[in-house]
Amino acid sequence: MTVNDLMKRMRDRLVEAGYSPGEAKGVALIVMDHLKGWSPSDVVLNGETDLDQVWVDGADRIIDRVASGEPVQYVIGKARFYGMDLTVTTDVLIPRPETEELVDLIVKENPESDLRVLDIGTGSGCIAIALARNLRFPVVSAIDISPKALAVAMKNATDLKTKIRFEEDDVFHFSPAPESFDIIVSNPPYICEKEKADMEPLVLDHEPASALFVPDDDPLLFYRRIAMIATGALVPGGRLYFEINPLHASEMQKLLSGLGFVDIQITDDIERKPRFVSASKKKADD
């Protein structure tokens, strides 16, 4: 079987299972990268290459599981994020492309060196590790309530030779020292329970619910607590960054304004949805 034949077989199998043609192609390319280490251009260049049966069998096993409803990232145990290959398990969320945009925003707005950074609810460690590798000589800390998630994050940091201080802590009891950080960032749970009906089974059946959902009657639960932490833990002029539910962007702005933050910015993601909020802690002369 040639590479082109296998690619077609994988795509057809996934389309039959309900994937769109574009999604099916994307998954097939991820499988080829995992099995052969090939980029999309490598797949094209090797299209007429005959494959040993061992590679075909390996691809079939992966595609069978994906077609049955498992996310491909969990099947292969890896996810691509900000140019890095991260280990992922069902104890952590699969990193999303929009979160890469959040990292881009932080890196662009903070060219200074030696910044002290805190990532709250680190999960796989994707944000903390990307910032540690792309800011100028930062000192990065990260917390999460889940010891299993922290184990994944620590493995990723070790594999990528990135120094981060990890700590198991509950955000509702966490109390860092005053003015100990220049940047605090979080992508906390922000999907309301009522939104479940519109979500893909792929997410609902496999990704950790505790990292996704908040009560319908308090959608800003985590944001409120983290912003309150930031009022003390940030240095004057320090920056707070959130990934948010677009449905609650205006409420987020009011929350941060009410807590005394200034320079509050709402930034759209690539799909033109209000996805990110940033704000500064007031300086004495503001």
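Hi everyone, let's start with a pair of helices: helix 1 and helix 4 run roughly parallel to each other, because their axes cross at roughly 15°, and an angle under 35 degrees counts as roughly parallel. Before I go on, please keep in mind that this is a predicted model.

So where are these two in the chain? Helix 1 covers residues 3–16 and helix 4 covers residues 53–67, and their axes come within 10 Å. As for handedness, the crossing of helix 1 and helix 4 is right-handed.

Now the side of helix 1 that does the touching. Leu6, Arg9, Met10, Arg13 and Leu14 are its contact residues. Across from them, helix 4 brings Val56, Ala59, Asp60, Ile63, Asp64, Val66 and Ala67. If you sort the residues of this contact by type, you get eight nonpolar and four charged, with no polar ones.

Let's move on to the other partner of helix 4 that I'd like to show you. Helix 2 spans residues 21–36, and its axis comes within 10 Å of the axis of helix 4, with a crossing of roughly 135°. That angle makes helix 2 oblique to helix 4. This crossing, between helix 2 and helix 4, is right-handed.

Which residues meet here? From helix 2 we have Val27, Val31, His34, Leu35 and Lys36, and from helix 4 Trp55, Gly58, Ala59, Ile62, Ile63 and Val66. The contact of helix 2 with helix 4 divides into eight nonpolar residues, two polar and one charged.

One thing to look for on your screens: Ala59, Ile63 and Val66 of helix 4 are among the residues touching helix 1, and they also meet helix 2. Thanks, everyone!

Terms used: Residues numbered from 1 in each chain as written. Predicted model: local features only at pLDDT ≥ 70, side-chain atom pairs only at ≥ 80, totals over all residues. Heavy atoms only, no water. Axes fitted to C-alpha atoms, helices over the stretch in contact; angles between N-to-C directions. Helix = DSSP H or I, 4+ residues; strand = E, 2+ residues; numbered from the N terminus. Parallel < 35°, antiparallel > 145°, perpendicular 65-115°, else oblique. Left-handed = near helix turned anticlockwise from the far one by under 90°. Contact = heavy atoms within 4.5 Å. Nonpolar A, V, L, I, M, F, W, Y, C, P; charged D, E, K, R; others polar.
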